[in-house]
Amino acid sequence: MKHLLSIADLSVDEIRSILDLAEEMHDVQSRPVKKLPALRGRTVVNLFFEDSTRTRSSFELAAKWLSADAINVSAKGSSVSKGESMRDTLLTLDAMGVDAIIMRHAGSGAVRQAAGWVRASMVNAGDGMHEHPTQALLDAHAIRRHLARHDLGDISGKRVAITGDLLHSRVVRSNVLLMAKLGASVVLVAPPTLLPPGVETWGVDVTHDFDSVLAEVDVAMMLRVQRERMQGGFFPSEREYIDGYGLTPRRLALLKDGACIAHPGPMNRGLEISSAAADAARSIILDQVSSGVAVRMSVLYHLLAGEDQS
Amino acid sequence: MTAYVLSGVSLPDGATTDLHVADGHLVDEAPSGAERVDCSGLLALPGLVDVHTHLREPGREDAETVASGARAAARGGFTAVLAMANTQPVTDTAEKAEHIHDLGLAAGVVDVQVIGAITKGLRGEELAELGLMHRSRAGVTMFSDDGMCVQDASLMRKALEWVRPFDGVIAQHSQEATLAGPGACCHEGELSGRLGLGGWPPVAESVIIARDVMLAEATGSRLHVCHITTAEGVEVVRWAKARGINVTAEVTPHHLLLGTEELVDYDTVYKVNPPLRTSEHIEALRAALADGTIDAVATDHAPHAPQDKDHAFVDARPGMLGLEQALSVVIETMVKPGRLDWAGVADRMSHTPARIARLAGHGRPLAVGEPANLVLVDPERMGTVDRDASASLSRNNPYHGRLLPDPVVATYLRGRETYRRA
C-alpha cells in the first residue's frame, strides 16, 4: 500500500489486514507504556487545510505511539487566498523528505490530486464531501469489537442504518463502500434535501422513514447535522428535523437487542442524537474514538513499515 | 498587396474552383504573376468567427495576451474573435474597450472585436456605459458579464432595453446563483454525488434562459445565450424561436465532445463553467446544432496559468483552451457522423456568429467582391493534440493526447496569410 486515498482502492484482504492489526494495536493502547518502535526514524506530517481536533490528534498519537516523528502543519484558510497553490504547498513539504503526509482539505479529491504530485505516502484524513477512509475503518473496527463483546458474530450480514446529512458527508461515502466490502447491508436515512444525487446507484437501500428501519438494524450510525444547513433551506426547523430523523428516546426504544449506536462526532446533542442515545449502554461512540487511534496506527504501519520503502 | 490563385480548391457547397485573391479581396482574375497555390484536396471555408474568447489582457498577460490569443485564433482558422469583458480591469468603459481594440489592431492576425461588460465591474448592480462603448472606436455590439450571470431580472430587462436602439446584443452566462453557487463545479448527478463535488444542476441554466427569453420578448431586444449545455436549455431556446423571440445560442467545442466522466480523477483541466455534461445532454446539443436551434459554435477559449489550476478541484479556476481545436472537434462530432455538412460548418462557425456580432466583412460567402477572409482545410488529416505545440501562452488544453482531426492548413485575413502549417 502506497497511499490511503479511498476505501474504493482497498481490497477486502487489505481491509481485513488493517482491521486485524488494529486489534493488536488496541491492546497496546491499554498498556501503561504505549510506545512501539515500529516506525522509528520515519517522519509523518499532519497537513490540515481544515480545522480538526479529533482526527488530527488521533493521527498524531498514532504516529507517536509507533515512534515516528510527527509534526502538525496548519494550512487553514484556502491556499488560494494566500497566493500559494495547493501543489506548491505539497511539493514544499515533500521536498523536506517526509515519509507520509496526512492531509485534510475542504476540497473533494484534493488528497488524490496531491498523491499525483508527491513522493511521500498520502493519507486521506477527509477530503471535502468525498471520503474519510480512516473514519470508516475505525467505525468498522468499533463495530467489530461491539459484536465480539456481545458474541454477535461477524460484521458480514449485519444491517447498518446511516442517518443524517448524507449530502455533505464524507463519512457516508467511505462507509457505504466499506460496509459493502465487509458484507454488511446499508440503509441510508435522510430527508430528500440531504441525499446525494445518484444515491440510487450506490447499491444501498434508501428511505425517508427512520422509524421503519429501527427494529431491523444492528448499527444505528448517526451523522452530524450542521445547524447552518437550516438557513440553506435543507430543513425547515430543528424541531421538524428531529421529528423525522433524530435518534430520540422514543426511537432508542425501538432498537432491537444487541443493536449499537455510533456517531463519528462531534455530536449535536439534542439535534441528530439525544443525550439518552449518546450515553446509552449500547452507544459505542467513545469506543469509536479509541478505535481511531488503533486503526490509524495500523494504517501508518501498513503504509510505512513495508520493505518496499525507497 | 500580394495576389494569389488558390487553385483546385473545394468550396463548402461541394464545387471545385480557383479562388483569385488580390488587394485583400476575392476577385474575378488575379493579376498576371499572381502566385498559384495548389489546393487540390483542400477545402476553403470562410474565415471562422468566435463570439466568445478570453484573451486575458489587460491583467493576466502571463496566461494570454491579445497577441498570443490572436495567433492561437489564426492557427485555429479564425479571422475574427470577440474578446470577453472579464479582464482586469473589466472592460466596462469606452476607454477600456478602445485599449483592447488597439491591442487587437497591433496584433494584426485576427480582427479583435471587443465585448463590453453589461454591468460595471461585472458586479450585476449597475449598467456599464453600454452606449458609449458602442459609439467608441471599438464599436462594441455585444455585451456580456460572462463568468457571472446577471441575476437581477430588472437590470437584465434594462440592459436589453438600453442596447435595442443601436441593435446591440446581450450575451448572458445563464447560471441561477442560488441553484448553482460558487461551489458548483460538477454536473449534478451520479458522478457529483460519488465524487463529492458540488452539483451544478441543469435547471440552474434553463430557468435563466426561460426568464431571459421572456424578457427578450417583452423588450423586443436581442438575446444571445452563451455556452448552452443542457437539453432543457435547448428546449427553451427551441420554444422561444418558434414563438419568434429574437434569441440566438452558442455551444462550445468541449461541451460537444467531452463528458462529465472526465472529472473522475479530479483533473482540474476539465473544470469548466458551465460544467461538462452527460451523454444525453451532449446528444441534445449535437442535435440542436445540426437543426439550427443552436446557431453557432463558440470556443469559450479560457487560458489559465498553472498556479490558477493547481488547487483542489473546487478551488481551481474554471475554463479550458479552445481556439486551436474548435474546428477539429466540430469535424469529429458533427461532420464525420454526417450531422453537419461543410456548408453547415461555414454557417455555424462563420456566417451566423458574424451576423450575431454584426461584424461587417466577416462571415461572408466566398464570392467575388468579398473580403478574402478564409481558411484552407484538409478534411482528412488527423493528428494527436500536443498542448505544447500551441500559440497560446497557457497549457490547459483538454484535448492533449487525443487523436483528432487536424484540419487547418492556412488562414487568410483580407488576403494576407496569418497562419500556415509548417
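Trainee: Which residues is His173(B) in contact with, leaving aside its neighbours within four places in sequence?
Mentor: This is a predicted model, and in it His173(B) contacts Ser144(B), Asp145(B), Asp146(B), Gly147(B), Met148(B), Cys149(B) and Cys226(B).

Trainee: And where is His173(B) found?
Mentor: Look in the loop of chain B between β10 (169–172) and β11 (184–187).

Trainee: Buried or exposed?
Mentor: His173(B) is buried: 24 other C-beta atoms sit within 10 Å, and the cut-off for buried is 20 or more.

Trainee: What does UniProt place at His173(B)?
Mentor: An unreviewed UniProt entry gives the feature "binding site" at Asp146(B), His173(B) and His227(B). They span 82 residues in sequence, but no two of their C-alpha atoms are more than 9.8 Å apart, so they gather at one spot.

Trainee: OK, where is His227(B) then?
Mentor: His227(B) is in another loop of chain B, the one between β13 (222–225) and α7 (231–242). His227(B) is buried as well, with 23 other C-beta atoms within 10 Å.

Trainee: What's in contact with His227(B), neighbours within four places aside?
Mentor: The list is His52(B), Glu250(B), Val251(B), Thr252(B), His255(B), Pro274(B) and Asp300(B).

Trainee: Switching topic. How many of the 10 residues of helix α1 of chain B are buried?
Mentor: 10 of 10, so that helix, residues 66–75, counts as mostly covered. Among the buried residues are Val66(B), Ser68(B), Arg71(B) and Arg75(B).

Trainee: What do the buried residues of α1(B) pack against?
Mentor: Several elements of chain B: the strands β6 (48–53), β7 (78–83), β8 (111–114), β19 (408–413) and β20 (416–420), plus the helix α2 (94–107). Following α1(B) you'll find Gly77(B), with a positive phi near 95°.

Trainee: How many residues of chain B are in contact with chain A?
Mentor: 19 residues of chain B, and they touch 23 residues of chain A. On the chain B side, helix α5 (residues 190–195) gives the most, with 5 residues. By class, that side has 6 nonpolar, 7 polar and 6 charged residues.

Trainee: Let's move to chain A. How is chain A divided?
Mentor: Into domain 1 (7–132 + 291–304) and domain 2 (133–288). Taken over C-alpha atoms, the centres of domain 1 and domain 2 of chain A are 25 Å apart.

Trainee: How many residues of those two domains of chain A are in contact?
Mentor: 23 residues of domain 1 of chain A contact 24 residues of domain 2 of chain A. On the domain 1 side, α1 (12–29), β4 (121–127) and α13 (285–304) of chain A each supply at least two residues. α13(A) has the largest share of that side, 6 residues. The residues of that side divide into 12 nonpolar, 7 polar and 4 charged.

Trainee: Which UniProt domain feature covers residues 157–303 of chain A?
Mentor: The unreviewed entry calls that stretch "domain: Aspartate/ornithine carbamoyltransferase Asp/Orn-binding". In the model, residues 157–303 of chain A are 37% helix and 14% strand, and the end C-alpha atoms lie 29 Å apart.

Trainee: How many helices and strands does chain A have?
Mentor: Chain A comes to 13 helices and 9 strands. The C-alpha atoms of chain A fill a box of roughly 55 × 45 × 35 Å along the principal axes. For 310 residues, a compact globule would have a radius of gyration near 19 Å, and chain A agrees with its 19 Å.

Trainee: What percentage of chain A counts as buried?
Mentor: 49% of the 310 residues. And among contacts in chain A between residues at least 6 apart in sequence, 75% join residues at least 24 apart.

Trainee: One last thing. Which residues have the most contacts inside the largest nonpolar core?
Mentor: Leu300(A) and Phe143(B), in a core of 233 residues. α13(A) supplies the largest share of this core, 10 residues. Domain 1 (7–132 + 291–304) and domain 2 (133–288) of chain A each give at least three residues to this core.

Trainee: What is Phe143(B) in contact with, leaving aside its neighbours within four places in sequence?
Mentor: Its contacts include Ile115(B), Ile118(B), Leu130(B), Val163(B) and Ile170(B).

Notes: Residues numbered from 1 in each chain as written. Chains lettered and ligands numbered in written order. Predicted model: local features only at pLDDT ≥ 70, side-chain atom pairs only at ≥ 80, totals over all residues. UniProt positions renumbered as here; feature names shortened; annotations may be inferred. Helix = DSSP H or I, 4+ residues; strand = E, 2+ residues; numbered from the N terminus. Buried ≥ 20, exposed ≤ 12 C-beta atoms within 10 Å, placed from the backbone. Contact = placed C-beta atoms within 7 Å. Nonpolar A, V, L, I, M, F, W, Y, C, P; charged D, E, K, R; others polar. Domains from an automatic or database assignment. Rg over C-alpha atoms; globule rule 2.2 N^0.38 Å. Core = buried A, V, L, I, M, F, W, Y, C linked by C-beta atoms within 7 Å.
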